[in-house]
Amino acid sequence: MKAVVTSLGSRSVLVHADGLGEIRCSLRGHLWETSEEETRPLAVGDRVSLSPDLTHGEDQCLEGVIEDVAPRRNRIARAPAGSRGAPGKRDPTKRGPGGGSAGRRPDQESGGRSRHTAAGKVQVIAANIDQILVVAALHSPPFRPGLVDRFLVAAAAEEIDVLLILNKVDLANHDDERSVVEPFQQAGYSVIQTSTVTGEGIEELATAMASGIHLLVGHSGTGKSSLLNAVAPTLNLTTSEVTAHHGRGRHTTTHVSLLPLPAGGWVIDSPGIREWVLEGVSPALLARLYPGFGEIPHECHYGDCLHRDEPQCALRQAVEEGLYPKDRYACYLRVLADLQGS
Ligand code: GDP
Ligand code: ZN
């Protein structure tokens, strides 16, 4: 029987099987031995095969044994403590050896998500994600392009589809909205503008989440919990306002779970994702996957060009020629400087 992992406890794993619902499982012994790289043998979103136990547990929950785990399409992992960059990441745009006439800068950085930096084990937060929804507010908190860019780069590095959600449109005027949205649309991203106050865009969002596994990321206070509550009122997630008031709630825990949406999809609820982005994006990765860079053909002299002050940088040339917006390039330079700690 096939199922998807929805929650991990210290002793057992909850999975969901179509037609049967929730099943509490133990793991076959060999599954505990497999991973030298990860802290746990399973993650939320893993597809598993299991043998159901025909007797019910004490609390009437169905029980079973997980026999095997399918290979993952992608994963979101937190780097081991003390290291930079989540290990084991693929870089879809990395040029292979001998690709083009690319040279190497003397101070070239071999970083990026593909480098395994530490002996420690990684914590996989979630696996097999179909879509990352990057949530940003147009106001309150103010729109922070740099953070959004990092989320987009992190998603691209894992080859996960992205949808950009611009929330709180009720607080923005039309011109502000357009100036924020257009560069992302021009860079090829789908954008949905939403408001949990007026209901604008909520149906569109619900449709976009109707199948597959989704992950909402974004700066705190942008409205992620409010949007999920609007799409799936039965989830009844705690919003920041309520959390602050009671001083506790779902978002103060580190637990990760997969929650079912009424329309059929799943959503991952995790407060640990922000760290994934802040740890995982290196300058080299940013230079290759920054929104819109892939849309303009460029072949810089150095294959690992950071498009900053390197000679014969084709991307800078494209900016000069008006093929890439100057303000977006300026934003890129700010994020890059930020990542380099300068
Ligand atoms: P999270 O930290 O991203 O989960 O954000 P929350 O969902 O907790 O929302 C943060 C605050 O923004 C709360 O006070 C919400 O009521 C408010 N909020 C959420 N969505 C909207 C919106 O579309 N418009 C306005 N004006 N406020 C919103
Ligand atoms: Zn360049």
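**Close-up 1. Strands E1 and E2 pair in the antiparallel sense.** In this predicted model, four bridges link E1 (residues 2-8) to E2, and four residues lie between the two strands of this hairpin. Look for Val-5, whose bridge partner in E2 is Val-15.

**Close-up 2. Strand E2 has a covered face and an uncovered one.** Along E2 (residues 13-17), Val-13, Val-15 and Ala-17 make up the covered face, while Leu-14 and His-16 belong to the uncovered face. E2 also pairs with E3 (residues 21-27), antiparallel and over five bridges. Here His-16 stands opposite Glu-22 of E3. Three residues lie between the strands of this second hairpin, where Gly-19 takes a positive phi near 90°.

**Close-up 3. Helix H3 spans residues 174-186.** At the start of the helix, a side-chain oxygen of Asn-173 comes within 3.0 Å of the backbone nitrogen of Asp-175. The buried residues of H3 are Glu-177, Val-180, Val-181, Pro-183 and Phe-184. An α-helix has 3.6 residues a turn, so residues three or four places apart point the same way. The cover over the buried residues of H3 includes helices H2 (145-157) and H10 (326-339), along with strands E9 (161-167) and E10 (190-193). Just after H3, Gly-188 has a positive phi of about 95°.

**Close-up 4. Four residues coordinate the zinc ion (ligand 2).** The donors are SG of Cys-300, Cys-305 and Cys-313, plus ND1 of His-307, at 2.1 to 2.4 Å. Their angles of 101 to 114° make the arrangement tetrahedral. In sequence, the donor residues follow the spacing C-x4-C-x1-H-x5-C. Both Cys-300 and Cys-305 are buried.

Terms used
Residues numbered from 1 in each chain as written. Chains lettered and ligands numbered in written order. Predicted model: local features only at pLDDT ≥ 70, side-chain atom pairs only at ≥ 80, totals over all residues. Heavy atoms only, no water. Donors = N, O, S within 2.8 Å, 3.2 Å for Na, K, Ca; no water. Tetrahedral: all angles 85-135°; square planar, octahedral: opposite > 155°, others 65-115°. Buried < 20%, exposed > 50% of the residue type's maximum accessible area, 1.4 Å probe, protein only. Expected span 1.5 Å × (residues − 1). Contact = heavy atoms within 4.5 Å. Polar contact = N/O pair within 3.5 Å; in protein donor to acceptor, adjacent residues only side chain to side chain. Pairing = 2+ DSSP bridges.
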